[in-house]
Amino acid sequence: MKKKLMFVAVAAAFFGVAAMAPAQQAKLSGGVVKIGILTDLSGLYSDLSGQGSLVAARMAIDDFLKQEKNPFKVELVSADHQNKGDVASNKAREWFERDGVDMIGDLVTSSTALAVMPVAKEMNRVTIVNGAASTNITGKACTDLNVHYAYDTYALAIGTGRAVVKQGGDSWFFLTADYAFGHSLEKDTSDVVTAMGGKVLGSVRHPFPGTDFSSFLLKAQSSGAKVIGLANAGTDTTNSIKQAAEFGITPKQSLAGLLMFITDVHSLSLKTAGGMYLTEGFYWDFSDATRAWSKRFFDQHKRMPTMVQAGIYSSTMHYLKAVKAAGTDEAKAVVRKMKDTPVNDFFAQNGRIREDGRLLHDFYLLQVKRPAESKGPWDYYHVRQVIPAADAAIPAAKSECPLLKK
Amino acid sequence: MNGGHMYWGFAALIGFGLLAPVAGIYPTFLMKCWCFALFACAFNLLLGYTGLLSFGHAAFLSVAAYVAGHTIRNLGFGPEWGILAGTLSAGVLGYVFGSLAIRRAGIYFAMITLALAQMLYFVWLQMKFTGGEDGLQGVPRGMLFGLIDLSDNTNLYYLVFAIFLAGFFLIHRVIHSPFGQVLQAIRENEPRAISLGYDVDRYKLVVFVLSAALSGLAGATKTLVFQLASLTDAHWHMSGEVVLMTLLGGLGTVFGPVVGAFVIIGLQNQLADKVGSWVQVIMGIIFVICVLVFRRGIVGELGRLLKRPL
C-alpha cells in the first residue's frame, strides 16, 4: 500500500514538473505580447502625448528585448482616439476582439480612459492610463485590471495648493472652467488651501471652452489675492495665462496652474509663463537618471519628454517585466505581478501600485524660470519642492474605489 | 412607380445584412454602421421627403443615448425597455423642439433647431447623471427579454440589424402612405398644400416627432452597442455628419442614407489610424466634391442612370 502511494506521488511529481516546464516559456495569447497605444495623434493633446508616446513605447520595448535577451515577441500597434470616448471604445473593442491586443496604454483624455476601462475589464485585458487625469479612474470607476500611472488631478491640484501656501501664497482666487472637471479641481484645491490656513477670497466661472478671459481676469485682479488658481485645462489655461500677462496681472499676483505640462510652458514661452507655479510627476532635468533617459528620448523625438511620455516608457517596461515574471500575459496575473513589484527607475523611486491601480510616486512642485534664469532650450523649471508619494494620492480612507475597502 | 427593382434593392440589403458578419466583416463596425444608417434614414424622412433641414438632430440621438444608458445602468431596465425609454424621450423632445421650430421655415428653422440642440449640449455638460465631459460608461448589454444574451456579439448584431430593418421599413411605409404623399406635396409647394386644405403645421409636427423618435431609436441602440453615451453624440458635428451622410448617399432616396452612412463610417474607421483629426478635413472635401459634381448623391445618380427612383 505504502509503495503504491509512493509510486503515485512520484508519478504525480513527475507529471507536475513536465506540465510546469512549458509554463516557464511564458504562456502568451497568440504567441506574442501585443501592446496598443491609443492616443491623440493629431489634436489638442498630441504635443504632450501623441508621437512622443509612440517613441517612448518603442524605446521601452527595444530596451526590454535587449536587456532580457528576447524572451518573447512583442508587437506595438497604435491608433488615434481623437479624444472621443466612442472612437476609443470602438478601437479598443476591435483590438481586443480581432487583433488580440493584450494591453492598451496612454488614453489621453478622461472620457477615453473611462470608456476603454470597462471594455478591457469585460475582455480580461490590461489598461495602463498615462495621459488622462481624472481621479475617477482610480475612484468610482476603478477596475482591478487598470493601472493609473503618471499623474492625476488630485496630485497636481493638492500638490500645488499645499506647496504654494507653504511658500507664502496664502490668499487665493480661482478662475474655474464651468463644468464638472473645473468644479472638482477648484474644490479639491480650495479645501487644501483652507486646511493649510490659507484663505480663498472668491472664484469666477468661465464658460468652457473660453477664448476671452478679460472680465474674469479683472475680477481676479481686483480681488487682491496673492495667487490666482487656474482650475481649467488645455487651451483655456494657456489663453488665460497669455491674457493675464497682457493685463499686467502676473508680476504682481502669481498664477498657479492646476493642470499643466512642460509642453504648455514651451508653447507659451518663459516671457509669458515665467514665475508661475505648477506640479508635475516628472521633470527631465531632475537627476542624472532622468537626464540620461531624456537625452535618449530627445535624440529620437527632438523634444524633451513630458511626464506622460516618460510614464509610457516606465509603465511599458514595468508591464513587460511583469509578463516575463508571471510567465503569462493573462491580465489578472500580470496586474497582480505589477502591483507586487515596486517600480525603481528614472521615473519613480520606490514607486508602488496601490490596489486601486494608482502608482504612488513623488511629484515635484515647480516654478517656471524667468527668461534670464534659463540656460537654454527646455531649461524651464526650478524644482521648488519634492512632494512625497504619500501626499500626492487620495488617502485610501477617502477613496471611492471599492477595491480599497477590503 | 414602386416597381420590382425596389424589391431587388430590399433583398440585396437584407441579404447583405444577414451575411456580412458571416463573411468576416467586423460585427461591431457593422453595428455602428446600421445605427448611423437608421439615424440618416430618419433624418432623410425630414429633409428628403418633407424639405425641412434640421440642424439639431444630434439632440435626439443624444437624449435617447443618455436616457437608455441611465435607465439600463442605474435603474436596472432590461435592454428592450431602455431602448423604448430612450426612443420615447427623443419623441417627447422632438415634440417640444418641433412645436417651436416649425413656426419658421428655411434657414430660420435650421437655426432654431441648432440653437435648441446647442442648449441641450450644455445641459448634458452640466448634468450629473451624464458624467459631463467624461460621458456615461459601463452600460451593461444585458439579456434581451431576459432570454437572449446580448454580450454575445452575434446576438447583438442581429438585434441591431432587426431594429434597423424595422425602422427602415416603417420609414418606407410612411413615405408611400397618403400621409407621405402629403409630406412630399409640402416639400414641393407648401402654399399649394395649404390651399388644398391640408393643415401643414400638423403634418410637419407629426413627421418631426417621428423623425426625432427614430433618431432616438438609433441613439439608444448605439448606447447598447458601445456601452456608453458621450458628448460626441450631442455635439453639432454630429448634426452636420448626418446631413453629410444623407447628401452623399442621395437626398430623398430610400437607400441613399444607408449607403451614405456606410461610406462615411467606413472612411472614418479606415482613416482614423492614419490621419487622425484630418478626417474632418477629408469629410469636408468629400462634401464639396459631392455638391459640385454629383449633387444627387451616390444612389441618386445611380437611380438616374437606371432611370428609376431608388
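Is the crossing of H7(B) and H9(B) left-handed or right-handed? Keep that in mind while you load the model, which is a predicted one.

**Stop 1: two helices of chain B**

Select residues 178-188 of chain B, helix H7. Angles of 65 to 115 degrees count as roughly perpendicular, so H7(B) and H9(B) are roughly perpendicular to each other. As for the opening question, the crossing of H7(B) and H9(B) is left-handed.

Now show side chains. H7(B) brings Phe179(B), Val182(B), Leu183(B) and Ile186(B) to the contact. From H9(B) come Val200(B), Tyr203(B), Lys204(B), Val206(B) and Val207(B). Lys204(B) is the charged one.

**Stop 2: the largest nonpolar core**

Next, select Tyr151(A), Tyr319(A), Trp34(B) and Phe164(B). The largest nonpolar core has 211 residues, and these four touch the most other members. Which helix gives this core its largest share? Select residues 27-50 of chain B: this is helix H2, and 18 residues of the core come from it.

Zoom in on Tyr319(A). Leaving out residues up to four places away in sequence, Tyr319(A) touches Val33(A), Ile35(A), Asp102(A), Met103(A), Val126(A), Ile128(A), Val334(A) and Met338(A). A second, separate core has 19 residues. To find it, select Ala79(A), Ala88(A), Trp95(A) and Leu114(A), which are among its members.

**Stop 3: His318(A)**

Step to His318(A), in helix H12 (residues 307-326) of chain A. Is His318(A) buried or exposed? Its relative accessibility is 8%, so His318(A) counts as buried; the cut-off is under 20%. Set aside neighbours within four places in sequence. His318(A) is then in contact with Tyr149(A), Met338(A), Thr341(A), Pro342(A), Val343(A) and Ile353(A).

**Stop 4: Phe286(A)**

Finish in a loop of chain A. Select Phe286(A), between strand E10 (277-280) and helix H11 (288-301). Phe286(A) has 32% relative accessibility and therefore counts as partly exposed.

Which residues does Phe286(A) touch, not counting those up to four places away in sequence? They are Arg291(A), Tyr364(A), Val383(A) and Val386(A). Phe286(A) and Tyr381(A) are 95 residues apart along the chain, and their C-alpha atoms are separated by 9.6 Å.

Key
Residues are numbered from 1 along each chain as its sequence is written. Chains are lettered from A and ligands numbered from 1 in the order in which they are written. This is a predicted model: local features need pLDDT of at least 70, side-chain atom pairs count only at pLDDT 80 or more; totals for chains, interfaces and linings use all residues. Side-chain values use heavy atoms; hydrogens and water are left out. A nonpolar core is a set of buried Ala, Val, Leu, Ile, Met, Phe, Trp, Tyr and Cys residues joined through side-chain atoms within 4.5 Å. Buried means under 20% relative accessible area, exposed over 50%, partly exposed in between (1.4 Å probe, protein chains only). Helices (H or I, at least four residues) and strands (E, at least two) are DSSP runs, numbered from the N terminus. Contact means heavy atoms within 4.5 Å. Axes are lines fitted to C-alpha atoms, for helices over the stretch in contact, and angles run from 0 to 180 degrees between N-to-C directions. Angles under 35 degrees count as roughly parallel, over 145 as roughly antiparallel, 65 to 115 as roughly perpendicular and the rest as oblique. A crossing is left-handed if the near helix is turned anticlockwise from the far one by less than a right angle, and right-handed if clockwise.
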